[in-house]
Amino acid sequence: MLAFLFVDGLGLSADPRSPLRQLELPTLHALTGGFAPAAHDAPGVAYRVLDANLGLEGLPQSGTGQTTLLTGANASALLGHHQGPHPGSRLQELLREQSLQVWAVRRGLRVLHANGYRREYLERLRGSRRNMFSAFAYAAVAAGLELLPLDDPRAMLPAFWPEPERAGERFAGMAGQNDLLFLENWSLDYSAHREPERLPERFTELERFVWGWLEAAPEATLLLTADHGNAEEPWHGAHTRNPVPLLVLGPKASTVPAMTSLLDVAPWVREVLDAGC
């Protein structure tokens, strides 16, 4: 049982101005060694530092970064550039063929995309002439998974949790009912672009969510990672070329290899789920 908490726009920065250095985030700091620049392991914990640039110049983007996370293929190299925020036709094809969601469903695994959406938002996305889904949502649809309206009892708020600890506990409970569970949290990237003054709230919500997961002590494993940097340097409002963290909590943490890139995530997820099937 693996729960994938995707956090859009969370990079690493040693700059003393960074929220990672300024804010009190005791749980996340303890688990990541203070968002350290090097990997480390502890019982039930694996922390890795991943390159998000994928061998190309320019600023990493969500479409290619997320597609790479979900497939293990270098989406930026495929296109010859970084692309975002939504995957275009070539990335859509890659997601239909190689995404974790499609792969897991084909193996008969229990898979859930837990994000809840406003019904009017879903209607607008489905009615658009061009793809407006994120790579995570597109892969879910490609796998035949349902995109849940907010009033569905299986749905979770993806961000701005009123009670983050309870949201983390609930996510842990849902993880025990699925082989592969996804939640796509976009609040850090959103706030870094549009309302950087609210970033302390967003980081604190993530801190409390992870604490809630730990308090629930689930048998499932939590995987938390990002597609590119942004929120760690809110003073310029742009994506960064900084590395991103990968944090694994739970019984499968001891199996995490020496990852160095977004490319390394999907192969490990497949290995873990194959071993458990």
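**Aromatic contacts in the predicted model**

A total of 11 aromatic pairs is counted when rings of Phe, Tyr and Trp (its six-membered ring) pair with centres within 6.5 Å, planes under 30 degrees apart being classed as stacked, over 60 as edge-to-face and the rest as tilted. The rings of F136 and F182 are edge-to-face, because their centres lie 6.0 Å apart and their planes meet at 70°. As F136 belongs to helix α8 (residues 135-142) and F182 to strand β7 (residues 180-185), the pair ties together parts 46 residues apart in sequence, with helices (H or I, at least four residues) and strands (E, at least two) taken as DSSP runs numbered from the N terminus. F136 is buried at a relative accessible area of 1%, where buried denotes under 20%, exposed over 50% and partly exposed the range in between (1.4 Å probe, protein chains only); F182 is likewise buried, with 1%. Ring pairs join F4, F6, F136 and F182 into a cluster.

A stacked pair is formed by W161 and F209, with 4.3 Å from centre to centre and 25° between the planes. W161 lies in the loop between β6 (148-149) and α9 (164-175), whereas F209 lies in helix α11 (residues 199-216), 48 residues apart. W161 is buried at 5% relative accessible area, and F209 is buried at 0%.

The model is a prediction, for which local features require pLDDT of at least 70 and side-chain atom pairs pLDDT 80 or more, while totals for chains, interfaces and linings use all residues. Residues are numbered from 1 along each chain as its sequence is written, and side-chain values use heavy atoms, with hydrogens and water left out.
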